[in-house]
Amino acid sequence: MLDPFPFEIAFSHAVQGLISPLLTSIIIAFTWLGSPTVWIGLGMGLHWLHHKKLAVRVLLLSILTAIVVEVFKTIFARPRPGNEFLRLYGDGITEKSFPSGHATLASAQTMHLLRREKAHVFFSILGGILIAGVAISRVYLGLHYLGDVIAGSLLGIAVGWGFWKAYENTRVQQMKAMVAPYKYELLIAAVAFISLALMLLQKEIGSIAATLGFLVGFYLFDEENEKQKPLAFDGMNMVKVILGMFSTALFVLLNWQFVGSINGYGFVSFAVYFFAGVYAVWVYPALWNRMQQAFNSTSKNAKKAIRF
């Protein structure tokens with residue numbers, strides 16, 4: 001067990017000495033930027049906007065980061081800050097503190113996106129602000145010590161950079177080509193192993209189940225239609241994303257009805273969130289296309305009627 005150092009306790013007291021209602025609202029917004037829910041939502045939005053390769057990479061990195069964090073948390077088994085600190089926010093957290101999962105995920109995703117897009121200095125600065133903001137938010141909210149968020153940020157930067165490097169590596173691309181004929185078998189085996197491990201360990205599985213469902217739906221139903229288009233934020237695309245987010249969120253309410261919580265624990269929650277991922281990647285886009293076709297057909301008929 002890794003006990004907190006005196007300087008970490010002093011730092012937490014100093015940060016929590018700044019507590020105010022307005023600052024707390026801002027801090028909670030920052031902490032959400034390290035939430036798996038936000039990054040999964042980003043992946044789904046990218047997919048609906050036909051930026052599918054990047055969507056898959058964002059979601060794969062989310063799973064990889066979650067696994068790495070869980071390994072480190074199991075090894076160090078550091079307890080979260082105790083009752084001497086105010087816990088201002090609860091978000092389905094476990095009681096293991098080192099490293100911070102939010103700081104790790106925000107850093108990993110930011111590093112990956114910055115490297116992949118060869119970002120301008122301005123966006124690199126924004127990325128640094130995001131990483132620092134998420135890290136400080138976890139201490140302010142009484143959920144982590146300073147060492148947790150520093151370690152999480154550094155670990156996330158390493159994971160994000162390594163993921164980008166591996167994805168760009170020629171040998172990795174060759175290995176992907178070699179296993180391509182067995183991708184369905186490997187996918188099913190990976191989903192079964194990760195799912196069983198999470199349920200046996202009694203971990204919160206909602207985010208990972210949704211991500212797994214998305215990836216399974218993509219590789220089984222949508223990979224051959226891997227359209228890659230520039231991001232476009234016109235009116236219809238925004239309606240598509242907002243409606244998609246709203247309809248996918250209904251699975252959260254469904255899980256609440258079944259297990260009495262939005263958090264995912266056990267087989268029922270896994271099934272609900274898994275099918276939420278499949279819905280987002282396959283069912284919803286198909287429904288949207290049907291609605292668009294019906295709308296276009298109605299518009300054409302209305303124009304013809306006006307002419308006559």
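P99 lies in the loop between α4 and α5, and the peptide bond that leads from F98 to P99 is cis, with omega near -5°. This is a predicted model, in which the secondary structure of the chain comes to twelve helices and zero strands.

**Confidence and overall make-up**

- The chain averages a pLDDT of 80, and 81% of the residues score at least 70.
- Among the elements of the chain, helix α7 (residues 146-168) has the highest mean pLDDT, at 90, whereas helix α9 (residues 183-200) has the lowest, at 68.
- Where pLDDT is low, the predicted coordinates should not be read in detail.
- Read along the sequence, the pattern of the chain is α-α-α-α-α-α-α-α-α-α-α-α.

**Nonpolar cores**

- The largest nonpolar core holds 30 residues, and M44, W48, L212, F214, L215, F270 and F274 are those with the most contacts inside it.
- At least two residues of this core are supplied by each of α3 (36-48), α4 (52-76), α10 (206-222), α11 (235-259) and α12 (266-307), and the largest share, eleven residues, comes from α12.
- Apart from this core lies another one, which has ten residues, including I27, A135, L143 and L146.

- Helix α3 has 13 residues and reaches 18 Å from its first C-alpha to its last, which is close to the 18 Å expected at 1.5 Å a residue.
- Helix α11 has 25 residues and spans 37 Å from its first C-alpha to its last, close to the 36 Å expected at 1.5 Å a residue.
- In α11, the buried residues include N237, K240, V241, G244, S247, T248, F251 and N255.
- An α-helix has 3.6 residues a turn, so residues three or four places apart point the same way.

- T211 has its place in helix α10, and T211 counts as buried because its relative accessibility is 1%, where the cut-off for buried is under 20%.
- T211 and S62 are 149 residues apart in sequence, yet their C-alpha atoms are 8.1 Å apart in space.

**A nonpolar patch on the surface**

- V121, F122, F123, I125, L126 and I129 form a nonpolar patch on the surface, and together they have about 600 Å² of accessible area.
- One of these residues, L126, is found in helix α6 (residues 121-140), and L126 counts as partly exposed because its relative accessibility is 40%, a value that falls between the limits of 20% for buried and 50% for exposed.

**Salt bridges**

- Side chains of opposite charge can pair when their charged atoms come close, and the structure holds two salt bridges.
- In one of them the side chains of R78 and E8 meet, at 2.4 Å from N to O; R78 lies in the loop between α4 and α5 (101-117) and E8 in helix α1 (residues 6-16), so the pair ties together parts that are 70 residues apart in sequence.
- Both R78 and E8 are buried.
- R78 also forms a salt bridge with D148, with the closest N and O atoms 2.7 Å apart; because D148 lies in helix α7 and R78 in the loop between α4 and α5, this pair too ties together parts that are 70 residues apart in sequence.
- D148 is buried, as is R78, and salt bridges that share partners join E8, R78 and D148 into one network.

**Backbone features**

- Most residues other than glycine have a negative phi, and most peptide bonds are trans.
- A77 has a positive phi of about 45° although it is not a glycine, and A77 lies in the loop between α4 and α5.
- A77 counts as partly exposed because its relative accessible area is 30%.
- H50, which follows α3, has a positive phi near 65°.
- G260, which follows α11, has a positive phi near 75°.

Conventions: Residues numbered from 1 in each chain as written. Heavy atoms only, no water. Core = buried A, V, L, I, M, F, W, Y, C linked by side-chain atoms within 4.5 Å. Buried < 20%, exposed > 50% of the residue type's maximum accessible area, 1.4 Å probe, protein only. Helix = DSSP H or I, 4+ residues; strand = E, 2+ residues; numbered from the N terminus. Patch = residues over 30% accessible without salt bridge, like charges linked within 9 Å, V, L, I, M, F, W, Y side chains within 5 Å. Areas by Shrake-Rupley, 256 points an atom, 1.4 Å probe, with all protein chains shown as cover. Salt bridge = Lys/Arg side-chain N within 4 Å of Asp/Glu carboxyl O. Expected span 1.5 Å × (residues − 1). pLDDT = per-residue confidence, 0-100.
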